[in-house]
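Student: I have the sequence and the structure open and would like to go through them by question and answer. Where do we begin?

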Amino acid sequence: MRIEAKRFIKSKLKEIKREIGTRGVLVATSGGIDSMVCVLLAHKALGRKAVALFIDTGLMRDSDKKRVKDELGPFGVNMKFLNAQKDFFKSLKGKEDPEQKRKAFRQTFYSTLSKAVKQYKVESLIQGTIAADIIETKGKIKTQHNILEQIGIDPKKRFGFKIVEPLRQIFKYQVRQVAKELGFSPRVYSQMPFPGPGLATRVIGEVLPRKIRLLRKATRIVEEEMERLRPFQALAVLLNDKATGIRKGKRSFGNIIVIRSVESKDAMKASVTRIPWPVLEKIRDRIIKDTPEVVKVLFDITPKPPSTIEFI
Ligand code: XMP
């Protein structure tokens with residue numbers, strides 16, 4: 001269903017003014033389309049009283065911080081950047097279970113925000129939770145990083161701030177319509193979704209800085225080579241298992257990278273992108289060349305369901 005983007009924006013600006021008033025608000029943005037739309041809604045409603053915060057979790061892609069600056073800068077948004085890499089890696093240390101990892105990320109995410117709320121002297125947080133996040137977390141598929149109230153956690157009591165979620169009733173394709181209407185460039189409104197917990201959703205087993213570095217390189221290659229095909233979402237995953245291979249003529253027990261690309265409307269169901277073979281080969285060759293730790297590159301041909309889009 002198409003939404004009437006103009007009307008939607010008007011009603012959300014009213015809602016934000018009513019909910020936040022003059023006290024100022026923090027909008028956490030990872031550079032993803034949902035949070036970028038929230039930043040601009042808050043900025044249009046409250047001006048400098050809306051503080052956009054990019055938290056460097058250490059789990060982002062190469063380009064995320066720069067994209068946030070480049071895309072939000074021209075709108076005159078009040079932007080802040082915070083490096084919390086150490087806290088996130090510490091909280092993920094030793095955790096192998098996917099839901100434990102997701103919960104550890106969520107806990108660190110909100111305690112970081114809790115400190116930031118005090119630092120910037122605001123009382124509320126606007127976040128880009130969309131309908132699919134709520135449905136999947138309530139359905140116990142996976143704990144999305146940004147769901148609290150819907151599963152009975154009171155953010156005011158637990159973390160000391162109120163949460164406003166302007167996009168909670170709409171799906172990704174509708175967020176894109178709103179982003180376009182707000183004046184974002186096609187780079188933003190056509191971009192692939194990227195999850196808040198970042199590359200941590202694509203590392204099986206313990207999340208370590210060295211694994212993230214490897215996965216970041218593979219991710220960049222997949223995204224660059226897939227850009228022309230414009231899939232709903234294309235990604236790389238680092239498995240926990242290893243496989244025997246040959247590097248420099250010697251036996252090497254190395255890493256396994258999975259390439260995944262899916263087509264979807266609302267991320268609730270997804271089919272596999274029919275990637276032309278030469279594109280897959282190019283991705284494989286670049287990954288083999290740029291990441292000597294990798295001895296096997298696989299392509300995931302599973303739709304959602306039974307798979308989910310991310311691997312954890
Ligand atoms: P799954 O893996 O559940 O993903 O099929 C559906 C869509 O949601 C994204 N995703 C997340 N986004 N926080 C987010 O902001 C999360 O915790 C999270 N987990 C998954 C995923 O990238 C896909 O677009």
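**Backbone and ligand site**

Tutor: Lys121 has a relative accessible area of 70%, so this residue counts as exposed. The model is a predicted one.

Student: Is Lys140 buried or exposed?

Tutor: Lys140 follows helix H6 and is found in the loop between H6 and helix H7 (155-159). Its phi is positive, about 60°, although Lys140 is not a glycine. The cut-off for exposed is over 50% relative accessible area. Lys140 has 75%, so the residue is exposed.

Student: Which residues are closest to the ligand?

Tutor: The ligand is surrounded by 15 residues. By type, the shell divides into five nonpolar, five polar and five charged residues. The closest are Glu136, Lys142, Lys304, Ile309 and Glu310.

Student: What is the distance from an oxygen atom of the ligand to an N or O atom in the side chain of Glu310?

Tutor: A nitrogen atom of the ligand is 3.3 Å from an N or O atom in the side chain of Gln144. For the side chain of Lys304, an N or O atom is 2.7 Å from an oxygen atom of the ligand. For the side chain of Glu310, the distance from an oxygen atom of the ligand to an N or O atom is 2.5 Å.

Student: What share of the ligand's exposed area does the protein bury?

Tutor: The space that the ligand takes is the largest cavity. Taken alone, the ligand exposes 490 Å². Of that area, the protein buries 93%.

Student: What is omega for the peptide bond from Pro305 to Pro306?

Tutor: Most peptide bonds are trans. Pro305 is found in the segment after strand S9 (294-299), and a cis peptide bond joins Lys304 and Pro305, with omega about -15°. Pro306 also lies in the segment after S9. The bond from Pro305 to Pro306 is cis, with omega near 10°.

Student: Is Gln233 buried or exposed, and how far in space is it from Pro193?

Tutor: Gln233 belongs to strand S6 (residues 233-247). The cut-off for buried is under 20% relative accessible area; Gln233 has 4%, so this residue is buried. Gln233 and Pro193 are 40 residues apart in sequence, and their C-alpha to C-alpha distance is 6.4 Å.

How values were computed
Residues are numbered from 1 along each chain as its sequence is written. This is a predicted model: local features need pLDDT of at least 70, side-chain atom pairs count only at pLDDT 80 or more; totals for chains, interfaces and linings use all residues. Side-chain values use heavy atoms; hydrogens and water are left out. A residue is near a molecule or strand if one of its heavy atoms lies within 4 Å of it. A polar contact is a pair of N or O atoms within 3.5 Å; within protein, one must be able to donate a hydrogen and the other to accept it, and residues adjacent in sequence count only if both atoms are side-chain atoms. Accessible areas come from the Shrake-Rupley method with a 1.4 Å probe; for residues, only the protein chains shown count as cover. On a 1 Å grid over the protein atoms alone, a cavity is a set of points where a 1.4 Å probe fits but cannot get out, and a pocket is an open set with protein on both sides within 12 Å along at least five of seven lines; lining residues have an atom within 4 Å of a point. A molecule sits in a cavity or pocket if more than half of its atoms lie within 2 Å of its grid points. Ala, Val, Leu, Ile, Met, Phe, Trp, Tyr, Cys and Pro count as nonpolar, Asp, Glu, Lys and Arg as charged, and the others, Gly among them, as polar. Helices (H or I, at least four residues) and strands (E, at least two) are DSSP runs, numbered from the N terminus. Buried means under 20% relative accessible area, exposed over 50%, partly exposed in between (1.4 Å probe, protein chains only).
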